[in-house]
Amino acid sequence: MRQPTNVVNNAPDFMMGWDNGQPVLVRPSEVLKEGLGSDTAAIKALSAGSWIRGAKAPQPSFGGDAISLSQISIVAGAPTVTVTTGPNGMPALKIVTGVGAPCDIAIPGMVDSYFHGDAFICAHGDRSTGLDYFTFYVSQNDATYTNGASGFVQYGLTNPTSNSFEQQGANTYHFRRAALTPIGAPTYPMQIGQCKFRVQPLAGQTCTVFIYAVGIAPVARKSRICVVWDDGYDSAFRLGVDSFGSRGIKQTMAVIGSVQGAGNGYSTLAQLRAFVDSGNALVAHGPWPSDATSQGSNIVDLYAATGDPVSNAVADARAARQWINDQGLSVPGFEKCYVWPQGKFQAFSGDLRYLNAMRDAGFTTCRNVGNVVGSAQPASYNFDATSKYGHMALPIIGHTWAGTTANEATNITNITNAIAAMATNRTDAFLMLHRVVRTGTSDGAMGAAGGISIRQGDLETIAAAIKTQIDNGTMDAVTMPELALSNGWWQQF
């Protein structure tokens, strides 16, 4: 029988954990004694005797505590470059360009490394600091750029709020092999003769960026998709969960504990227990109050007029997390996870209060509703390389109802195409689901575009598309707590 007061079930006397970058031995009782919201419980993430490290984390070639000017050289432009403490408190390379003048920074320490095709830059900078885009260049065998590759990443967001791509903290730019432009006739893996990145300011502006880390990695062996059911509806169990379970696809359910088991279209505790016992996971969702007004809101707006809106929002999230634990429905890593109601985690652009407070409460892995399908932004994510704020706003590839049967057909095709593209590029994303209805449900009953229902037949199409990629060996289906337990080096920024 599950023990409702224990975070880790069937745990040994001592377990491996991770505390401030160092391996530690931890007693499970320490987690219980200090509580789910404590730093000990949050940081010392426990699994059955081992710590799950990020299987896709890039190798850092530059950055961390040892940053120095001797590690870089200016090969174009005349920027002012210093080593300082960045806005997040970490050592950083500060680059200030001239007005409208780009600069190229080479990293000699990467010469002679083998480059398999993916590169990453973790930096603080966006349009508010004058940044237009980053370009990454690699020259094969020598510094002539006769053969090699280049690629640029441009977010181009003005005053983003609750956005998956930019939260106006540190951000990881992923230059993936499939999107690189060949220079000459490169071959992979290539020996690096020179590696540099360009900082391109907006026209007529200077640009200030803080570079925390640069890394390279082989193209990952597999992509990862995390199927998450929001809210905990009964229809998900009656019409949806088995579409994935029958194909061996792991699932996560983001539940609002205050409404579970109370009828009104929500799940029963028996359904939730069977879901977890089948190898799936529950994570926290909200808002916690069960009244209709609260359930139609989010934890930022709901508490905005209270005396301490941030603390009250975090208390709401902690209540949802505690409920899962109290029912004996926890799995390792669940305590780090949260799904933002309505995808809102900022009251205004650049608002980091909620992200910081949630991290202080032990939440490190959060899902947003930012949809990368059809977006002008690069739909390219390696979750193990995201910054700490990026890991608090992870994106989706759908689903919301498209408004008509014809539009929905296009919508489902876009989602299945995104699944195939994820598998090809070995990138990561979430699939968001809510209610399921019968295949023959009319458009009128489905409601306006943006609704949260999906027809069972369309759900089968999506599940089959995921299963195809799993069978091809190009995709893994993971739970959200499994993603949380892969947090590593890059999430310090």
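Author: The model is a predicted one. Ala-449 sits in the loop between helix H11 (443–446) and strand E24 (453–455).

Reader: Is Ala-449 buried or exposed?

Author: Ala-449 counts as exposed, with a relative accessibility of 56%; the cut-off for exposed is over 50%.

Reader: Which residues does Ala-449 touch, setting aside those up to four places away in sequence?

Author: Ala-449 touches Trp-401, Ala-402 and Gly-403.

Reader: What does the chain look like as a whole, in helices and strands?

Author: The chain has 13 helices and 25 strands. It is 493 residues long, and 55% of them count as buried. Of the contacts between residues at least 6 apart in sequence, 79% join residues at least 24 apart. The accessible surface comes to about 18500 Å², and carbon and sulfur atoms account for 49% of that.

Reader: How should I read salt bridges, and how many are there?

Author: The general idea is that side chains of opposite charge can pair when their charged atoms come close. In this structure a search finds 13 salt bridges. One of them joins the side chains of Arg-198 and Asp-104, with N to O at 2.7 Å. Arg-198 belongs to strand E14 (residues 190–201) and Asp-104 to strand E7 (residues 103–106), so this pair ties together parts that are 94 residues apart in sequence.

Reader: How accessible are Arg-198 and Asp-104?

Author: Arg-198 is partly exposed, at 25% relative accessible area, whereas Asp-104 is buried, at 2%. The pair also belongs to a network of salt bridges that links Asp-104, Lys-196 and Arg-198.

Reader: Which residue does Arg-224 pair with?

Author: Arg-224 forms a salt bridge with Asp-384, at 3.3 Å from N to O. Arg-224 is in strand E16 (residues 223–231) and Asp-384 is in the loop between strand E20 (365–371) and strand E21 (394–396), so parts 160 residues apart in sequence are tied together. Both Arg-224 and Asp-384 are buried.

Reader: And what is the partner of Glu-482?

Author: Glu-482 pairs with Lys-250, and their closest N and O atoms are 2.7 Å apart. Glu-482 is partly exposed at 28% relative accessible area, and Lys-250 is partly exposed at 31%.

Reader: Where is His-391, and what does its side chain reach?

Author: His-391 lies in the loop between E20 and E21, and it is buried, with 0% relative accessibility. Its side chain reaches the backbone oxygen of Phe-383 at 3.1 Å. It also makes a polar contact with the side chain of Thr-365, at 3.4 Å. Beyond its neighbours within four places in sequence, the residues in contact with His-391 include Cys-366, Thr-386, Leu-483, Asn-487 and Gln-491.

Reader: How do I read the burial pattern along a helix?

Author: An α-helix has 3.6 residues a turn, so residues three or four places apart point the same way. Take helix H12 (residues 456–471): it has 16 residues and reaches 22 Å from its first C-alpha to its last, close to the 22 Å expected. Its buried residues are Asp-458, Leu-459, Ile-462, Ala-463, Ala-465, Ile-466 and Gln-469. Seen down the axis, the buried residues of H12 fall within an arc of 155°, so they line one face of the helix. After H12 comes Gly-473, with a positive phi near 80°.

Reader: Which residues of helix H5 are buried, and what covers them?

Author: In helix H5 (residues 269–277), the buried residues are Gln-271, Leu-272, Phe-275 and Val-276. They fall within an arc of 130° seen down the axis of H5, so they line one face of the helix. Their cover includes helix H3 (234–239), H4, E17, strand E18 (281–284) and helix H8 (309–326). H5 is followed by Gly-279, whose phi is positive, near 95°.

Key. Residues are numbered from 1 along each chain as its sequence is written. This is a predicted model: local features need pLDDT of at least 70, side-chain atom pairs count only at pLDDT 80 or more; totals for chains, interfaces and linings use all residues. Side-chain values use heavy atoms; hydrogens and water are left out. A salt bridge is a side-chain nitrogen of Lys or Arg within 4 Å of a carboxyl oxygen of Asp or Glu. Helices (H or I, at least four residues) and strands (E, at least two) are DSSP runs, numbered from the N terminus. Buried means under 20% relative accessible area, exposed over 50%, partly exposed in between (1.4 Å probe, protein chains only). Contact means heavy atoms within 4.5 Å. Accessible areas come from the Shrake-Rupley method with a 1.4 Å probe; for residues, only the protein chains shown count as cover. The expected span of a helix is 1.5 Å times one less than its number of residues. The arc is that of the directions from the helix axis to the C-beta atoms. A polar contact is a pair of N or O atoms within 3.5 Å; within protein, one must be able to donate a hydrogen and the other to accept it, and residues adjacent in sequence count only if both atoms are side-chain atoms.
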